[in-house]
Amino acid sequence: FGHNSDFDKDLYLPLHLACMYYASTDVISCLLEKHPISIRVQTPLCHSLPLHLAVQTKCNASVNNSNEDVIMTLLTHYPEASLAKDSKTNQTALEFAIATSSGRAHNATTNDSIIATLRTAPLLLSASKATQSRLQCEHTIRLQGLQQAHGEYVRQLEHNHKLNLSNKIQAQVSLQNSLVEEKDRNILLAEALLKLKEDERNWKAREENQRAYLQQLQDQHKKKLQTQEQEYQSMIDDAVKRVENLQLQLHEAQHAHEQLEDLQSRYEEIEQDCKETAAEIDNKNELIEHLRELLRTKETQIQGLHHQLEKQETAQLAISRMEMKKMQQHSNHLQTA
């Protein structure tokens with residue numbers, strides 16, 4: 001069976017080939033460790049398991065190359081293989097070993113040992129089933145414990161999630177309330193700033209109006225002063241002209257008086273006229289002094305008007321500065337708030 005050169009080795013697993021070519025127990029164990037599922041895989045043609053291949057190879061061997069440890073290893077790892085039949089012989093491994101032992105006397109001892117090994121399969125199978133049952137029971141208990149723990153963990157997670165969700169909702173509501181309050185404060189602050197800017201514009205407009213009014217007053221005062229100065233200058237010019245005329249008349253009078261002194265005796269009437277002229281000159285001098293006094297009074301009034309105008313300008317500027325300072329302090333206070 002194992003020496004047919006016509007089969008395709010690529011269709012067999014390494015464990016199949018090891019069982020067919022007298023591999024040792026260590027090789028079989030190593031292959032099972034590397035690929036445990038291969039012990040359950042059947043060959044593609046005869047549907048033989050590794051146990052069938054090992055038994056068939058050892059039973060058909062021409063020499064005594066028996067190694068029951070390989071068969072025991074295969075049964076230990078997969079005792080259910082003892083119940084399977086391959087399609088070529090339609091026999092189990094035990095049935096094949098019994099059939100082979102009756103026809104070959106030179107391998108009787110080997111076959112007997114193989115048969116004895118295969119007959120332990122039910123015990124191994126029972127032990128395997130008991131082990132599977134125990135493992136399944138332990139697995140069920142462990143699974144129930146895990147399910148309970150998972151259920152408790154899920155409930156705890158749901159509780160924590162609800163708490164976190166409630167805290168997040170409360171935090172979100174608190175944040176929204178804070179945002180609303182902050183928005184209201186910002187609206188009030190914006191209204192206060194707008195009002196402050198409006199007041200500032202009003203104060204600036206008022207200040208511009210006051211400046212324009214002060215400038216208008218200054219222009220009016222200047223025009224008035226210029227008009228008064230022109231009138232006073234005209235009066236002074238007239239007075240000076242009159243004085244010059246009077247001085248000229250006085251000079252003429254003096255000259256006439258000198259002539260009259262010489263002719264006093266003969267010109268009493270002229271002397272009388274000269275006295276009257278002197279009296280008139282005195283009156284003119286008094287008039288000139290009065291005009292000078294009036295001029296000094298007007299100059300004093302002009303200076304007083306200038307001083308009063310300067311005081312008004314200084315007071316108005318001080319009031320404007322105080323109002324601007326108050327507005328600046330109020331603006332700084334609002335910005336600080």
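A salt bridge here is a side-chain nitrogen of Lys or Arg within 4 Å of a carboxyl oxygen of Asp or Glu. These close-ups come from a predicted model, where local features need pLDDT of at least 70, side-chain atom pairs count only at pLDDT 80 or more, and totals for chains, interfaces and linings use all residues. Residues are numbered from 1 along each chain as its sequence is written, and side-chain values use heavy atoms, with hydrogens and water left out.

**View A. Glu-208 and Arg-211 pair up in a salt bridge.** The N to O distance for this pair is 4.0 Å. Both residues sit in helix H7, three residues apart, about one turn of the helix. (Helices are DSSP runs of H or I with at least four residues, strands are E runs of at least two, and both are numbered from the N terminus.) Glu-207 belongs here too: salt bridges with shared partners join Glu-207, Glu-208 and Arg-211 into one network. Glu-208 counts as partly exposed because its relative accessibility is 47%. (Buried means under 20% relative accessible area, exposed over 50%, and partly exposed in between, using a 1.4 Å probe and protein chains only.)

**View B. Arg-185 and Glu-182 form a salt bridge.** Their closest N and O atoms are 2.4 Å apart. Arg-185 is partly exposed at 45% relative accessibility, and so is Glu-182 at 35%. Searching the whole structure turns up eight salt bridges.

**View C. Helix H3 is tucked away inside the structure.** Ten of the ten residues in H3 (residues 50–59) are buried, so the rest of the structure largely encloses this helix. Among them are Pro-50, His-52, Lys-58 and Cys-59.

**View D. Helix H2 has a buried face.** In H2 (residues 25–34), the buried residues are Thr-25, Ile-28 and Leu-32. Looking down the axis of H2, these residues fall within an arc of 65°, so they line one face of the helix.

**View E. Leu-165, Ile-169 and Val-173 make a nonpolar surface patch.** Together they have about 240 Å² of accessible area. (Patch residues have over 30% relative accessible area and no salt bridge; like charges are joined within 9 Å, and nonpolar side chains (Val, Leu, Ile, Met, Phe, Trp, Tyr) within 5 Å.) Val-173 lies in helix H7 (residues 121–262).

Technical notes. Accessible areas come from the Shrake-Rupley method with a 1.4 Å probe; for residues, only the protein chains shown count as cover. The arc is that of the directions from the helix axis to the C-beta atoms.
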